[in-house]
Amino acid sequence: MEQTTWPACPVEMTLTLIGDKWKVLILRDLLPGTKRFGELKKSIGSVSQKVLTAQLRDMEQKGLVSRRVYAEVPPRVEYTLTETGYSLKPILDAMEEWGRTYQEHNTDR
C-alpha cells in the first residue's frame with residue numbers, strides 16, 4: 001500500500017480532506033443522518049453522478065464517510081458520516097455562521 005504524505009500545516013491538512021465544494025455539501029447533508037445516494041444527489045443539486053461517486057469514494061477512503069451496501073435488487077447503498085466525519089461539525093457550523101453574517105452585511109453589493 002502506498003504511503004500518503006500529509007501536509008505539515010493543520011489548515012492545509014483540513015483543506016486536503018474537505019477543500020472541495022462538493023465534499024463540504026456532502027458533509028452538510030450527512031450531518032443530520034444517513035442518506036442514500038439518490039437522496040444526496042437530489043439534496044446537493046447540480047453535481048453529476050460521476051463526480052458525486054468519486055467524492056464519496058474519496059471521503060470513504062479518508063475515513064470521513066462509511067458506505068453500506070444492502071443485498072437487495074436493486075442494490076441499496078447508504079452513506080453515513082464516521083465519527084471522524086462528524087467531528088467536522090463545528091467547522092461546518094462556523095462556516096454557516098460566517099456565511100450568514102456575510103450575507104446579512106453584503107446583500108447590497
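Two strands pair if DSSP finds at least two bridges between them. The exercises below apply this definition to a predicted model.

**Exercise 1.** Determine which residue of β3 is the bridge partner of arginine 36, and describe how β1 and β3 run.

*Solution.* Step 1: the bridge partner of arginine 36 in β3 is glutamate 78. Step 2: β1 and β3 are joined by 2 bridges, and pairing requires at least two. Step 3: the two strands run antiparallel.

**Exercise 2.** State the order of the strands in the sheet, and explain why one side of β1 and of β2 is left without a neighbour.

*Solution.* Step 1: the sheet is open, with 3 strands in the order β1-β3-β2 and antiparallel pairing. Step 2: β1 (35-36) and β2 (65-70) stand at the edges; each has a single partner strand, so one side of each has no neighbour in the sheet. Step 3: α2 lies across β1, β2 and β3, and runs at about 95° to β3.

**Exercise 3.** Describe the largest nonpolar core and the contacts of leucine 52.

*Solution.* Step 1: this core has 22 residues, and Leu52, Leu56, Val65 and Tyr79 have the most contacts inside it. Step 2: α1 (10-18), α2 (21-30), α3 (37-44), α4 (49-61) and β3 (76-81) each supply at least two of its residues. Step 3: the largest share, 6 residues, comes from α2. Step 4: apart from neighbours within four places in sequence, leucine 52 is in contact with Ile26, Phe37, Leu40, Lys41, Ile44 and Val47.

**Exercise 4.** Identify the helices that each supply at least two lining residues of the largest pocket.

*Solution.* Step 1: the volume of the largest pocket is about 270 Å³. Step 2: its lining residues include Lys21, Arg28, Leu92 and Glu96. Step 3: the helices are α2 and α6 (89-105).

Notes
Residues are numbered from 1 along each chain as its sequence is written. This is a predicted model: local features need pLDDT of at least 70, side-chain atom pairs count only at pLDDT 80 or more; totals for chains, interfaces and linings use all residues. Side-chain values use heavy atoms; hydrogens and water are left out. A nonpolar core is a set of buried Ala, Val, Leu, Ile, Met, Phe, Trp, Tyr and Cys residues joined through side-chain atoms within 4.5 Å. Buried means under 20% relative accessible area, exposed over 50%, partly exposed in between (1.4 Å probe, protein chains only). Helices (H or I, at least four residues) and strands (E, at least two) are DSSP runs, numbered from the N terminus. Contact means heavy atoms within 4.5 Å. Axes are lines fitted to C-alpha atoms, for helices over the stretch in contact, and angles run from 0 to 180 degrees between N-to-C directions. On a 1 Å grid over the protein atoms alone, a cavity is a set of points where a 1.4 Å probe fits but cannot get out, and a pocket is an open set with protein on both sides within 12 Å along at least five of seven lines; lining residues have an atom within 4 Å of a point. Grid points are joined across faces, edges and corners, and a volume is the space filled by probe spheres set on the points.
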